[in-house]
Amino acid sequence: MKIHAIKEGALFYVSDERGDLVPETEQGHGLYRKDTRFLGELRLLVNGESPALLGTHSEKSYVLSRTLTVETKDRGAVEIRRESFLYGGAFYERLAVTNYYLEHTVVELSLAMDADFQDMFLVRKYRTGEVGYRQAPVTDAPRSVTLRYVGKDALERRTTMRWDEEAVVDADGKRLVFALSLQPGQTGLVHLYAIPTIGAEAPPVVFSFDEALQKLDASYAEWRASNSAAASPDARFDRLFRRSLQDARMLMDDIGHGPIPVAGLPWFATPFGRDSLITSLFMLPLQPAHAVGTLRTLAAYQGAKRDPWRDEEPGKIMHEIRFGELANTGQSPFSPYYGGVDSTPLFLMLLVEYVRWSGDVSLVRELQPAVDAALEWIDARSAADEAGFLTYRQEASGGFPNQGWKDSANSLVHEDGRYAASPIALAEVQGYVYAAKNGLADVYAAMGDGARAERLRAEAMSLRTQFHRSFWMEQEGYYCVALDGEGRQVRSLTSNPGHLLLTGILDAPFARAVADRLLQDDLFSGCGIRTMSASSTGYYPMSYHNGSVWPHDNGMILLGMARQGCADQAMRVVSGLLQAAPQFPGDRLPELFCGYHAAETGGVVPYPATCSPQAWSGSTAFVMAQAMLGLVPDALAGTLSLRPALPAGTNELTVDRVAVGRGSLSVRLFRDAARPASVRAEILSNTTGLRTGLHT
């Protein structure tokens with residue numbers, strides 16, 4: 001059975017299609033906060049039966065709405081509308097029960113509920129560890145019960161369950177029974193609330209169901225109004241963009257330093273280095289200010305010491321942070337864990353791109369210590385490599401053997417089937433370092449620090465020369481994915497070099513060669529670029545990293561194609577993603593899907609287990625809009641470039657309120673009626689203060 005997930009702030013909820021939390025499943029059902037499951041069971045019976053699902057309703061990604069029924073043949077039925085959402089640190093649920101019998105009926109609603117307070121890693125069976133103990137529930141009032149747990153970290157965790165109708169509560173406080181007396185056609189309402197708390201913190205304010213939902217709706221309306229908007233007669237894009245905009249709001253959190261996107265539901269509802277940075281990069285066309293909380297949060301958790309247990313080093317940007325019992329007691333290294341080689345250069349890249357969109361160099365001054373430490377870490381690690389490349393090796397026993405975005409153990413394969421040995425230099429990571437240093441050189445030049453700008457630019461140019469010499473595969477006309485510990489090329493054909501298009505490390509002829517190569521049949525599935533070529537050793541279309549299609553991977557490539565002026569190639573990728581999106585529930589692009597060619601399978605083949613919604617996958621919709629505009633802003637240089645294009649099947653696109661420079665930009669794209677292959681742009685408003693170059 002499929003899972004359904006919603007999130008608000010630090011709280012998220014994962015249920016089956018009926019809205020039940022079933023503890024016997026391995027799908028991670030539960031109400032979670034701070035990497036702890038505060039409610040693991042919530043099962044509804046109606047007149048002693050499990051109701052049948054009639055349908056789900058998903059117009060609002062932040063509200064779970066299901067219609068259920070219990071039917072007696074030839075007599076009538078009881079219908080239940082079950083709605084759930086999260087707001088202000090609490091879970092809200094409404095059961096609207098309608099009597100469709102011809103006579104008065106007493107409907108019995110029974111809710112079994114329990115909380116195991118398991119750490120997220122235990123729920124996932126990812127780790128084991130010593131844990132605390134559950135205490136006896138406390139009935140606080142006639143309409144409230146509190147489930148309690150004391151963790152190994154000495155924190156008491158509590159889930160207070162409240163309801164607003166008279167109910168019979170069993171002796172252990174884990175089963176509620178409501179008896180609703182209903183006339184024919186009458187609807188009765190039951191409201192249920194779950195409030196998780198930790199330690200000495202005060203419980204959140206709980207509103208009425210309707211008031212809380214109104215407040216939640218208002219916050220989403222404010223979100224829509226504060227971001228750019230995109231609309232098209234192409235329903236595929238329109239639905240994808242609207243869903244992605246909702247999901248982007250739902251996946252934001254704040255752990256003390258401003259809003260930051262978490263990675264995705266259900267397993268990764270926490271800030272990540274790489275994921276949050278790439279998502280924030282993709283969200284720049286929505287509103288550049290979204291990057292600020294990400295940069296401040298990651299700077300606050302920047303590595304300060306050498307700790308092999310957590311792969312921490314001074315200046316390194318974290319990979320992932322957890323707040324559960326195992327992390328708090330040192331039984332897991334994720335407090336935070338630093339095993340990602342790309343987060344640090346991506347941190348600098350995002351800062352540069354934020355300045356290019358906004359022109360705001362004050363954030364660079366604010367984060368200068370973090371920038372200096374990040375550069376020092378990059379230089380120190382690169383100096384350890386004979387060729388001067390940024391490499392990684394696993395040091396934490398519980399960490400990741402591969403530390404780029406393809407972090408599974410089998411993601412780097414030589415032609416003879418051997419896994420590449422560390423230390424490993426990934427192709428895209430060298431591009432990120434180049435982009436960070438070259439971009440910072442522009443920033444410092446604009447800030448009047450010519451000496452620093454000159455030094456960084458010289459380092460970037462040296463890396464550029466060495467990179468091409470070491471990574472280019474002349475016979476393949478393409479770049480290898482990595483160099484292994486002996487400096488040998490890992491000659492798999494993968495999507496990784498596509499990220500280089502964004503970084504500027506490639507000369508123009510080689511950039512176009514990469515863009516063209518990515519769209520050959522062995523790499524392009526028709527619905528997206530595969531992670532690995534069908535001709536490479538290790539390819540399997542259902543492999544997590546060796547043949548599947550990841551929307552965010554395609555998003556990075558799209559940004560690069562747009563920057564390189566490869567509009568035709570970019571539109572083929574956009575067209576493929578638009579073909580894929582409607583084939584998934586809610587028009588959501590999932591974390592990944594299988595790499596089978598769509599023409600051979602009659603459509604997209606879903607990956608068996610995938611996160612959805614996921615931040616960087618959903619945010620690919622914003623990159624698609626940017627690629628169609630061909631928008632490349634540079635507020636430092638005072639310029640804004642537009643190179644409009646539309647994919648097959650899309651004849652018009654309007655993008656409003658794109659915040660750039662000192663103002664905003666609104667543009668309408670449309671096909672020229674006289675020349676359908678030609679796309680024209682009408683600038684509806686431009687208050688950016690930037691010189692605008694329109695290339696058609």
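Is C611 buried or exposed in this structure? C611 counts as buried, at 2% relative accessibility. The legends below describe close-up views of a predicted model.

View 1. C527 takes part in none, and its nearest cysteine sulfur, in C594, is 12 Å away. A disulfide requires two cysteine sulfur atoms within 2.5 Å. C527 is buried, at 2% relative accessibility. For C611, too, the closest cysteine sulfur belongs to C594. That sulfur is 15 Å from the one in C611, too far for a bond. C611 is likewise buried, with a relative accessibility of 2%.

**View 2. The salt bridge between E312 and K305.** The whole structure contains 48 salt bridges. In this one, the closest N and O atoms of E312 and K305 are 3.4 Å apart. E312 counts as buried, at 3% relative accessibility. K305 counts as partly exposed, at 44%.

**View 3. The salt bridge between R381 and E313.** The closest N and O atoms of this pair lie 3.1 Å apart.

View 4. R418 pairs with D416, the closest N and O atoms being 2.7 Å apart. R418 is partly exposed, with a relative accessible area of 40%. D416 is exposed, at 52% relative accessibility. Another set of residues forms one network: D16, R18, D20, R66, R82 and E93 are joined by salt bridges that share partners.

**View 5. The second largest pocket.** This pocket holds about 290 Å³ of space. Its lining has 18 residues. R356, L502, T503, G504 and R563 are the closest of them to the pocket centre. At least two lining residues come from each of α7 (343-358), α10 (427-446), α12 (500-503), α14 (551-564) and β25 (632-634). Helix α10 gives the largest share, five residues. By type, the lining of the second largest pocket has eight nonpolar, five polar and five charged residues.

**View 6. The largest cavity.** The structure holds seven cavities of 30 Å³ or more. The largest cavity contains about 120 Å³ of space. It is lined by 16 residues. Nearest its centre lie A10, K34, D35, D253 and A269. The lining of the largest cavity comprises eight nonpolar, two polar and six charged residues.

**View 7. The second largest cavity.** The volume here is about 90 Å³. The lining consists of L281, L284, E353, W357, L502, L559, A562, R563, Q626, L631 and V632. Helices α7 and α14 are the elements that give two or more residues to this lining. The largest share, three residues, comes from α14. Eight residues of the lining of the second largest cavity are nonpolar, one is polar and two are charged. L502 and R563 belong to this lining, and they are also among the residues closest to the centre of the second largest pocket.

Terms used
Residues numbered from 1 in each chain as written. Predicted model: local features only at pLDDT ≥ 70, side-chain atom pairs only at ≥ 80, totals over all residues. Heavy atoms only, no water. Buried < 20%, exposed > 50% of the residue type's maximum accessible area, 1.4 Å probe, protein only. Salt bridge = Lys/Arg side-chain N within 4 Å of Asp/Glu carboxyl O. 1 Å grid on protein atoms, 1.4 Å probe; cavity = no way out; pocket = protein on both sides within 12 Å on 5 of 7 lines; lining within 4 Å. Points joined across faces, edges and corners; volume = space filled by probe spheres on them. Helix = DSSP H or I, 4+ residues; strand = E, 2+ residues; numbered from the N terminus. Nonpolar A, V, L, I, M, F, W, Y, C, P; charged D, E, K, R; others polar.
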